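Hi everyone, thanks for coming.

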Amino acid sequence: MSTGSLEVDLAVELRDIAKRFPGVQACDRASLQVARGEVHAVVGENGAGKSTLLSILGGLYAPDSGQIFLDGRAVRLRSPRDAADHGIAMVHQHFSLIPKLGVVENVLLGQARPWWLSRRVYAELAERLAQLSAQHGLPVDPRRRVADLSVAEQQRVEILKALYRDARILILDEPTAVLSPAEAEQLRQVLCSLRAAGRTLIYVSHKLDEVFALADRVTVLRQGRSVRMAVPVAETDQGTIAAEILGERSPDTAGAAGHPERSGTALTVDSPPDRPVSPVLRIVDLHASGPLGSEALRGLSLQIAAGEIYGVAGVTGNGQRELCDVLCGLRPLRSGSVEMNGHSVASLSAAQRRKQGLASIPEDRYAQGCAASLSVADNVLLTHSDRPDLAGCCGLLVSPKAIRAFVQRVLSPLQLPESIVAQDPPAGSLSGGTLQKLILARELAHRPTLLLAAYPCRGLDIGAMQTVHRLLFEARDQGCAILVMSEQLDELVALCDRVGALVRGRIVGEVALTWSAATPAAPLCTPPAAMTRLGRLISGLAAQDPKPEAR
Amino acid sequence: MTVRVFLENLLAAGVLRGVPLLFAALGELWAERSGVLCLSIEGTLLLGALAGYAATLATASPFMGLLCALAVGLICGLLHAALVVGLRVDQVIAGLGLSFVASGLASMLGTPLVEARKVAAQLPVIALPSLSAVPLLGPLLSQHSIVLELALSVWLITALVFSRTRLGLDLTAVGENPSAADAMGLSVLRLRVLAVVIGSGLFGIAGASLSLAVSPGWVEGLSAGQGFIALVLVIFGRFRPSRVALGAFLFGVIRRLPLDLQGVTLPDFIERSFLRGPGSTYVLDMLPYVMTMAVLALQTVRVRRAQSETTLRLDDAPWALGRPYHRAARHER
Amino acid sequence: MLPLPRGYRLVFEPVLDRDGSGRWRLLRSLASLGAAFAVAALVLTAAGVDAGLAYRQIFTASFADVPALSDTLVRATPLALCALGSALAFRARLWNIGGEGQLLVGAWAAVGVVLHGLPASTPRPILLIAMLFCAAVASALWAGLCALLRLWLGVSELLSSLMLNYIALLGLRSFVFGPWSEGGFGLTPQLPRSAWLPRLSDLAERVPACRGLTVHLGFVLAVLCVVFFGLVLSRSRFGYRLRVLGANPQAARAAGLPVERDILWALLLSGACAGLAGFCEVSGVVHRLSDRFSTGYGFTALIVAWLAGLQPRWILPAAILFGGLLVGGQELQPGGIPLLLQGVVLMAVLASEALLRSRPRLLRPEAGSSDEPSGASAAATAAQKSDHSEDLP
């Protein structure tokens, strides 16, 4: 048993780490063994405990039980500073940078010395950073403010920060989630150069193709446990690992290559209902500003017909949020037109648009989609509070009985556990998946003609994801036009009739996945071809790429 | 009375009136830069004023009084920090609550002092007769209480800390993005407690500067909302020490203005208006509060306009201001 | 820290609480009240005051017999109304802490309409209704100023309502020392009898037991308002929207709720409640305007509202408790004791809220936990590990 630790020179070993958060056992005796100088991938579904386990190694959380060994010696990491002193640096999914400060100041943060920050300190540090970035191919201007940097540049600052501290062990938590394919490839080269320089890399991901392209060995986490420990990638294949990730759920239904969301749903409907001539949503040459006054949407145009699911593919931050806000009436447009059912909605308020048949699933279900401290019933009512049929006896007040009946009617298609309906707990205590289903059911209860679904499956487990997809398909079949945004190309390809690539505030190209959705601008593609083409489009590589093969 | 004499007197008295505001605003700046809103400012200031005055009465040394006020401020700061940083109570309601407790305590403990009718020593006045010839600032420079020097040195230190030291950088980080600061190995808890305690200590000193130099003596409700004005001054100063100082002195002058205007003969139409009738002093006394609201309105308009411009400009306020930080909460969201 | 056996750790886990309803809320408020009085006793003792005696005095003066209780109810009336106003705004996370200023403005308007608006011969009911109406509208507009400043210019209502307190007080002074003054003192002339709210003692001729009972019709008004706004908050769409606004304004906006309108109305109604309190005070108690007729009701009401958990139905008991505290405190020397007690009660409620938001959990030391010295653990865990982990290849 565990003879491996004698054979391999282990840089890191985590043994039987348990960590509980309120309501969740995030890690349940998970273990990890990482050899010195390797790229070690940690894979698993969302919620499998990857981030928690590595945050424990990063010193951010204290484990409830279990041990951490560095170079064979047991250590206690009380804080991130402790971890840094042991040569561990972590690049979090949400960067640990202070936007208002400059690159140099950000690198200075959390260092013990010097206490007096003269101009010379800054100059020397800027020079050192320039050296490091030249050495590892991480181009960043150290004089700029972090808020002005792109996401990829911010990630480079994070890596530079770790390098400046001479971290021996670098943890990257889902580093490619925010990158375009081209940027991801650049990152891969940086990581290879770091491995060549003898550093140990721990790479958290749920994208198996990346893992197999980069990592030396892989550990699979499932439900907080390590189900496979340190398998060399050379001795396994993506299918096996995908099966391990999913556990007893058969890999056949989950789809190959760790893209479970493609399963079962891909191209099930080939004959969409008759489409009317006029589109439900027509956006022409839309311009709108971003949060800080920059122009986020620059001439975006798209059309969605009734009974069609339109996907917006693209790296986050290319105008997705602004598009949602403009469509919902939360952000004014600068120029261009937005028409719903043939009428311009530019001057309508959010409430008026809802009356016109718009429903939306917000990007951040906790911040925008629900009021976490209010009960499930209150959250179901959120967009239905002015329904006339909720009124009680005297008309002015609402009737609790009517509300209860209405909430039950909305939630019935979800088949939620009895306890949720009976006890009516606060929405914040629901799991992400249940909450998302609740929001979706609430929005569909409006019988919308246009549904806006921003990242509907972000962070969901496979069961919840399938329910969300099922509900979306049902709505589509009833003639609802649906706009879906997602970072996952495979999800979009499985779900949508047509997908457009959103790059810097414009749709730069489209592909169609079904016959009826195909247009000259959106050629019909097979799913793999569509993925390839979209991948190139959102990387900004191909405005005019070679003709995709017809199906 | 010539305009020049009027202005010189106004400046001499007004700048002095700005001193408590400056102490208090700088204290608030410390706390707010670390992300903690200190609404306890008014009560702490009152308690500091009382402590300073009482200790001076007891020891006959105004410097002991100053020290006592500082100590009281620090204790209030610890209590406030325990509530909002430790227990993560809502910062608004906790600050107001603490403000009430401190005001109540001050009025309770101060009653005997009001009745005793004794007069405590004041902080010494610095006389520099050679500077009296400086135009406009002459009377101010040639003779002023030592609190002015003290306030300016606190201001200088604060400015240096936030622009040139690691502590300032760390506090800024904690105020902007506590979870990032935490991940960088900074102790959010420790830094915020430190900032709140230092800030509250300055509130205490602000109080003492009031009762021992600016409006010597102790009466109930001595501060008359100056703590809250200082709160607004931080916003006016865009969270930067230099502009905060400017605002404090400006508001000191504004506070003083109604008093000085009483002795001046104004044009006839004003003399006959409600501004001169009985009860009119109260209308003029509103000036600082009205100005405070005007400042708030202008400030937010400015921020809004800046946001609509194409240039990148972030809001001045620390992002995490008023938001309690809990490491485990990272997981929930 | 608590003394715990070696290896045990006590951790506090955050718990998502329901909107603050339920039995726990009551229990918690009672417990924190008890704790507050205990802490205040310590402070008082440290300050050289006999706490036991002070508490006894407070109780005797405020709750011991019917006249005392009547005085308490008189004090509770403005407290309940102001607290109701605060609770309305706080429900929506609108920090209207200008209750004091709104109360003053309400009183000003009520007195103004009697002294300088309507003729002295106006019949009593009409005069009273006019006073009530003017007070409510004036205060609502005063509070509405905060709403407009917030909606148009983005000024935080917290700061503007704070500043408006001072402006209201100074404005009041400029009237009572200026145009409305009686002989240059800070007092207006007494209101005519027809502008007085009926008191129980008015019935003394017919019911002797009512002699000296100062409680006035305003208390009934307060009860009615509490019931009305209780219904509005719990059962109306507006109340529901306020709850959503308080819980998550971003979600409210995304759901297309009329956020701006609700903010305006919440602050208007909140101000109107405080204005009614001002009306009750001048018409039911002091019968004239002075610059110090209010002993900080607007501020005390904030604590009352919080103690009541922002629930209208608990506001009345909390207001009566604090009314008693004020009545009892009048007799006490030194003067600030009630204020101190109020503050301590608020702090105790806040602290208990924070503590109850988290659930304590005792963690047992596990075999092979990181507390053990490193050398011994390696062997111990090897056996454990074989139970469930896969081998290294």
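Let's begin in chain C, with one glycine. Leaving out residues up to four places away in sequence, Gly239(C) touches Val232(C), Leu233(C) and Ser234(C). Before I go on, please keep in mind that this is a predicted model. Where does Gly239(C) sit? You'll find Gly239(C) in helix H8 of chain C, which covers residues 237-247. Is Gly239(C) buried or exposed? There are 22 other C-beta atoms within 10 Å, and 20 or more is what it takes, so Gly239(C) is buried. Now look along the chain: Leu88(C) is 151 residues apart from Gly239(C), yet their C-alpha atoms are separated by 8.7 Å.

Staying in chain C, go to helix H12, residues 312-331. How many of the residues of H12(C) are buried? The count is 15 of 20, so to speak a mostly covered helix.

Next, where chain C meets chain B. On the chain C side 43 residues are in contact, and on the chain B side there are 43 as well. On the chain C side, the helices that each supply at least two residues are H5 (124-153), H6 (157-176), H11 (297-307) and H13 (337-356). Which of them gives the most? That's H13(C), with 13 residues. As for what kind of residues chain C brings to this side, they divide into 30 nonpolar, 11 polar and two charged.

Over to chain B itself, and how its helices pack. Two packed helices are described by the angle between their axes and the distance between the axes. Take helix H2 of chain B, residues 41-59, and helix H9 of chain B, residues 188-214: their axes come within 6 Å and cross at roughly 55°. That angle makes H2(B) oblique to H9(B). The crossing of these two, H2(B) and H9(B), is right-handed. If you want to find the contact on your screen, H2(B) contributes residues including Leu45(B), Gly48(B), Ala49(B) and Gly52(B), and H9(B) contributes residues including Phe203(B), Gly204(B), Gly207(B) and Ala208(B). Sorted by type, the residues of this contact between H2(B) and H9(B) come to 13 nonpolar, eight polar and no charged.

Here's a second pair in chain B. Helix H1, residues 3-33, packs against helix H10, residues 226-236, at an angle of about 55°, and the axes are 8 Å apart. H1(B) and H10(B) are therefore oblique to each other, and their crossing is right-handed. On the H1(B) side, look for Pro20(B), Leu21(B), Ala24(B), Ala25(B), Glu28(B), Leu29(B) and Glu32(B). They meet residues of H10(B), among them Gln226(B), Ile229(B), Ala230(B) and Leu233(B). This contact of H1(B) with H10(B) has 10 nonpolar, two polar and two charged residues.

Now some backbone angles. Most residues other than glycine have a negative phi. Arg238(B) lies in the loop between H10 and helix H11 (241-262) of chain B. With 16 other C-beta atoms within 10 Å, Arg238(B) is partly exposed.

Another one is Ala230(A), with a positive phi near 45°. Ala230(A) belongs to strand E10 of chain A, residues 225-232. Ala230(A) has 25 C-beta neighbours inside 10 Å, so this residue counts as buried.

That brings us to chain A as a whole. Chain A has 19 helices and 20 strands. Of the 551 residues in chain A, 51% are buried. And if you take contacts in chain A with a separation of 6 or more, 66% of them come from residues 24 or more positions apart.

One last stop, Gly59(A). It's in the loop between helix H2 (50-57) and strand E4 (65-70) of chain A. Gly59(A) counts as buried because 25 C-beta neighbours lie inside 10 Å. Setting aside neighbours within four places in sequence, Gly59(A) is in contact with residues including Leu77(A), Arg78(A) and Asp82(A). Pro456(A), by contrast, is 397 residues apart from Gly59(A) along the chain, and their C-alpha atoms are separated by 32 Å.

Terms used. Residues numbered from 1 in each chain as written. Chains lettered and ligands numbered in written order. Predicted model: local features only at pLDDT ≥ 70, side-chain atom pairs only at ≥ 80, totals over all residues. Axes fitted to C-alpha atoms, helices over the stretch in contact; angles between N-to-C directions. Helix = DSSP H or I, 4+ residues; strand = E, 2+ residues; numbered from the N terminus. Parallel < 35°, antiparallel > 145°, perpendicular 65-115°, else oblique. Left-handed = near helix turned anticlockwise from the far one by under 90°. Contact = placed C-beta atoms within 7 Å. Nonpolar A, V, L, I, M, F, W, Y, C, P; charged D, E, K, R; others polar. Expected span 1.5 Å × (residues − 1). Buried ≥ 20, exposed ≤ 12 C-beta atoms within 10 Å, placed from the backbone.
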